[in-house]
Amino acid sequence: MSRDLKLLHPSLQEKFAELKRRCTLNGLAIKNTSTYRDRAEQEDCVARGTSRLHYPDSLHNWGAAVDFCRNDGKDAYDDSDGFFGRVGRLAESLGLIWGGSFSRPDKPHLQMADWGKTAGDLKAKYQTPQAFMETWKKEDTTPSHLKVGMKVKVNGSIYGNGDGSGGNIQKKNAVMYIVDDAGENYPYRYGVAKAKNGKRQGWAAADRLTVI
């Protein structure tokens, strides 16, 4: 079963990274347990009784769903303290659908809301998951004005990791330098430091940087 977040729709990658950041701020530690499932993996889930949906009727088959569990040292699926509901409400605030709201609740499940609660609309429009995934391809989105070595002003938070986890530091008109570019899969892709060749202090999003 894949746990590779890069196999998810780009929008879901970004939202899950932001969800992890918000969970951390609220004292909730989570990790992803299942992302994309191919035909064999989905049918194995049916055989094991962990899913009632055959391929390609699960949004996991389309890269539009992700499962998670708690990652705080307790039993991964212990919900005696309402953990999954708290995470679910944060996910819903980001525009995701939480499986705990289903008629048959699936508390560790999240999915995109763009195509409804089932794969029906995706199947009607794209026929196959592969055809849908072809639409994800896009040109490099590196902002043309941002390059490693540039001197910038930073406004807003920078984070310990490019996915928005690892704590944050607030910056206001801080003069810094771009020393790393983690790539478009990371919402906070630009590593910044106080000196041009200095030690990276954190990661920032493009909209928080102004070239000077």
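Analyst: Let us begin at a helix end: just after α2, Gly49 adopts a positive phi of about 85°. Helices (H or I, at least four residues) and strands (E, at least two) are DSSP runs, numbered from the N terminus. The model is predicted, so local features need pLDDT of at least 70 and side-chain atom pairs count only at pLDDT 80 or more, while totals for chains, interfaces and linings use all residues. Residues are numbered from 1 along each chain as its sequence is written, and side-chain values use heavy atoms, with hydrogens and water left out.

User: How many helices and strands does the protein chain have, and in what pattern?

Analyst: The protein chain has five helices and nine strands, and along the sequence they run α-β-α-β-α-β-β-α-α-β-β-β-β-β.

User: Which residues of α3 are buried?

Analyst: Buried means under 20% relative accessible area, exposed over 50%, and partly exposed in between (1.4 Å probe, protein chains only). An α-helix has 3.6 residues a turn, so residues three or four places apart point the same way. In α3, the buried residues are Phe83, Phe84, Gly85, Val87, Gly88, Leu90 and Ala91. Their cover includes α1, β1 (30–34), β2, β3 and β4. Over the protein chain, 42% of the 212 residues are buried.

User: What belongs to the largest nonpolar core, and which members touch the most others?

Analyst: A nonpolar core is a set of buried Ala, Val, Leu, Ile, Met, Phe, Trp, Tyr and Cys residues joined through side-chain atoms within 4.5 Å. The largest has 29 residues, of which Leu19, Ile30, Phe68, Val87 and Leu110 touch the most other members. Two or more residues each come from α1 (10–25), β2 (65–70), α3 (83–93), β3 (96–98), β4 (109–112) and α4 (120–126). The most, five residues, come from α3. Apart from this core lies another, of eleven residues, including Leu146, Val154, Ala174 and Tyr190.

User: What does Leu19 touch?

Analyst: Contact means heavy atoms within 4.5 Å. Not counting residues up to four places away in sequence, Leu19 touches Ile30, Val87, Leu90, Ala91, Leu94 and Leu110. Among contacts in the protein chain between residues at least 6 apart in sequence, 58% join residues at least 24 apart.
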